[in-house]
Amino acid sequence: MTLRRTAAALLAAATLAVLPQAPASAAPTGPLPFIGATTVGIHNTYDPAAFPYLAQALDTGTSLIELDAWTNTVTTEWKVSHSNPLGNANNCVAATSATQLYTGSGNKNLEHCLDDIRLWLGTHPTSGPLVVKLELKGGFAANRGMGPAQLDALIAAHLGPAVFRPADLLGPHPTLDAAAKAGAWPTRAALAGRVLLHVIPGTVEEQNPFDTLHTDVEYARHLRDLAATGRLSQAQVFPAVHGAATGDPRTKYTDTTIRPWFAVFDADAATYLTNGADLSWYDRNHYLLVMTDAHNVSPAISATTPTPDQARARVTQLAAAHASITTSDWRTLPDIQSLVLPRG
């Protein structure tokens, strides 16, 4: 009996040695700056096929969610869907309390998605910070009452003081670029329970030959002009430079007066890693760098269901490459979504 028990114990120990262990918390200790961390986000979080309710996406611990919005100028409503410019196709509900976040029908306008975020954060005050990526699929329509000022008003009305605004980063500095370079970003702890929104041009807008004023340029001009008149506190969103380049991507803007109003950059991870860019430049200047489609970096892994080890290794790789946030559709890996690694 003793020999049998000893053999069994040895077998159990050997088995445990090869079983995957529960991941230890990857969150660094101490007051890690928001801009000094690498975190993980989920692409197209609003998709009902991904999550029945938007709150369930937030429950994963993700650091970024994405909302695709359309300016419906007929009804002057901001619709949230991937491909329908006139209607909604999303998992946002008309919740008025946190208890309603997991009930009711979806397919609501942008303001309801923002309400869902606010209500969820209210019951998770130590979470985050949460980045909300807005893709304006067809761009703004300021000439029809749906421009940057109207988007600001909508966000302010539904997210309120939870928003970390461009003015909060700016402080005494003349531009967002100067503030970022001065390291004016708060710590992650100081941003707990808060939201930073950044906006990129939409895929439809970028392919529209008749659209000569893209979202990034339009919102950057909006920031510049608000700052010039002492009204920057009205702005709720950071414009992002969309697309990777080997040098400073802002040089593509012929209007040099808007270049200093970009401190957020957003592009494909695989391109960033293969185009020869000096990615440490983003880190040295304390810019927010969002690397999308993390799964496509060679060797490619699943966009939705990689193994935890594969996903963790990819996030670690992109953290070393100076990403602030990596995104994919890893919806079922909460241990990965909640990762916080030192950047660089």
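Tutor: Apart from neighbours within four places in sequence, T62 is in contact with V40, G41, I42, A57, L130 and Q337, where contact means heavy atoms within 4.5 Å. The model is a predicted one, in which local features need pLDDT of at least 70 and side-chain atom pairs count only at pLDDT 80 or more, while totals for chains, interfaces and linings use all residues. Residues are numbered from 1 along each chain as its sequence is written, and side-chain values use heavy atoms, with hydrogens and water left out.

T62 belongs to the loop between α2 (54-59) and β2 (64-72). The names of helices (H or I, at least four residues) and strands (E, at least two) refer to DSSP runs, numbered from the N terminus. With a relative accessibility of 7%, T62 counts as buried; the term means under 20% relative accessible area, exposed means over 50%, and partly exposed lies in between (1.4 Å probe, protein chains only). The side chain of T62 also reaches the backbone oxygen of L64 at 3.0 Å. This is a polar contact, that is, a pair of N or O atoms within 3.5 Å; within protein, one must be able to donate a hydrogen and the other to accept it, and residues adjacent in sequence count only if both atoms are side-chain atoms.

Two of the residues named above lead onward. L130, a contact of T62, begins strand β4 (130-136), and P129 lies in the loop between α3 and β4. The peptide bond that joins G128 to P129 is cis, with omega near 10 degrees. A further cis peptide bond, with omega about -5 degrees, links S298 and P299; P299 is in the loop between β8 and α11.

V40, G41 and I42 are contacts of T62, and strand β1 (37-42) is among the elements that cover the buried residues of α11. Also included in that cover are α9 (269-274), β8 (288-292), β9 (325-328), α12 (334-337) and β10 (341-342). The buried residues in α11 are A311, R314, V315, L318 and A319. They lie on the same side of α11, because they cover an arc of only 140 degrees around the axis, the arc being that of the directions from the helix axis to the C-beta atoms. An α-helix has 3.6 residues a turn, so residues three or four places apart point the same way. Helix α11 (residues 308-320) has 13 residues and reaches 18 Å from its first C-alpha to its last, close to the 18 Å expected at 1.5 Å a residue; the expected span is 1.5 Å times one less than the number of residues. Just after α11, H322 has a positive phi of about 80 degrees.

N44, in the loop between β1 and α2, has a phi near 50 degrees, a positive value in a residue other than glycine. N44 is buried, with a relative accessible area of 11%.

Beyond four places in sequence, the contacts of W185 include F34, F164, F238 and H286. H286 sits in the loop between α10 (280-284) and β8; its phi, near 60 degrees, is positive in a residue other than glycine. H286 is partly exposed, with a relative accessible area of 25%.

F238, a contact of W185, is also touched by R165, as are S233, A235 and Q236. R165 is placed in the loop between α4 (148-159) and α5 (166-170), and its side chain reaches the backbone oxygen of S233 at 3.1 Å. Although 71 residues separate R165 and Q236 in sequence, their C-alpha atoms are 5.0 Å apart. R165 is partly exposed, at a relative accessible area of 24%.

The mean pLDDT, the predictor's confidence in each residue from 0 to 100, is 92 for the chain, and 91% of the residues reach 70 or more. Over residues 1-29, pLDDT stays under 50, and the model has 12 contacts beyond four places in sequence for these residues.
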